[in-house]
Amino acid sequence: RSLRSDSSRGLRSLKDEDIECGLVLEVAGSEFDLGGAKFPRGTVRVSRLERDGVCERQGACAAGDVLFSVDGKPVSGLDLPRIRGMLRGRAGTSVVLGIYPSQSRDLISRHVVLAPSPSSLTFSPRRAAAVAAAAAARP
């Protein structure tokens, strides 16, 4: 997914772009055990974190964690596209994940703030040339 360039400001515009939490989710096809607790078929789990995604950068969760809720709303019974929609929003949006970590026995809440990856922000060619010229002109 690419961001549109905003040549009038130099940086790619994020004002109209949603940012995702960076979780790849799966629905368990059968009952499973995690940290001594049994979880039913249909439980939503984190299968992996997207590289440089919001949750990876903020250390919010790990592969294998169980996702119970998003902003206090249970995800049980919801389809994955709907859950993914709950995990995205504009830059600066707060999302609270209800998680049962794979390495713990407690249900926890993790607060993440949606923010673009620093590597996703790039200058337009015109702005990059202006910045390079300004840097070269410095004594």
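Where does G85 lie? G85 lies in helix 2, where helices (H or I, at least four residues) and strands (E, at least two) are DSSP runs numbered from the N terminus. The views below come from a predicted model, in which local features need pLDDT of at least 70, side-chain atom pairs count only at pLDDT 80 or more, and totals for chains, interfaces and linings use all residues. Residues are numbered from 1 along each chain as its sequence is written, and side-chain values use heavy atoms, with hydrogens and water left out.

View 1. G85 counts as partly exposed, at 40% relative accessibility. Here, buried means under 20% relative accessible area, exposed means over 50%, and partly exposed lies in between (1.4 Å probe, protein chains only).

**View 2. The largest nonpolar core.** A nonpolar core is a set of buried Ala, Val, Leu, Ile, Met, Phe, Trp, Tyr and Cys residues joined through side-chain atoms within 4.5 Å. The largest one here has 22 residues, and L23, L25, L67, L87 and L97 touch the most other members. Elements that each supply at least two residues of this core include strand 2 (23-27), strand 5 (44-49), helix 1 (54-58) and helix 2 (80-86). Strand 6 (66-70) and strand 9 (94-100) each supply at least two residues as well. As general background, nonpolar side chains tend to be buried together in soluble globular proteins.

**View 3. Around L97.** Not counting residues up to four places away in sequence, L97 touches L23, C55, A60, L67, S69, V70, L87, I108, S109 and R110; contact means heavy atoms within 4.5 Å.

**View 4. An aromatic cluster.** Let's turn to the rings. F32, F39, F68 and Y100 form one aromatic cluster, and the structure holds three aromatic pairs. Rings of Phe, Tyr and Trp (its six-membered ring) pair if their centres lie within 6.5 Å; planes under 30 degrees apart count as stacked, over 60 as edge-to-face and the rest as tilted. F39 and F68 make a tilted pair, 6.0 Å centre to centre with 50 degrees between the planes. This pair links F39 in strand 4 (residues 37-39) to F68 in strand 6, 29 residues apart. F39 is buried, with a relative accessible area of 6%, whereas F68 is partly exposed at 33%. The rings of F39 and Y100 have centres 5.0 Å apart and planes at 65 degrees, so this pair is edge-to-face. Y100 counts as buried, at 8% relative accessibility.

**View 5. R45 over F32.** R45 lies over the face of F32, at 4.2 Å from the ring centre. A charge sits over a ring if NZ of Lys or CZ of Arg is within 6 Å of the ring centre and within 35 degrees of the ring normal.

**View 6. Salt bridges around R88.** A search of the whole structure finds four salt bridges, each a side-chain nitrogen of Lys or Arg within 4 Å of a carboxyl oxygen of Asp or Glu. D18 and R88 meet in one of them (3.4 Å, N to O), and R88 and E20 meet in another (2.5 Å, N to O). R88 lies in strand 8 and E20 in strand 1, so their pair ties together parts that are 68 residues apart in sequence. E20 counts as partly exposed, at 34% relative accessibility. Salt bridges that share partners join D18, E20, R88 and R90 into one network.
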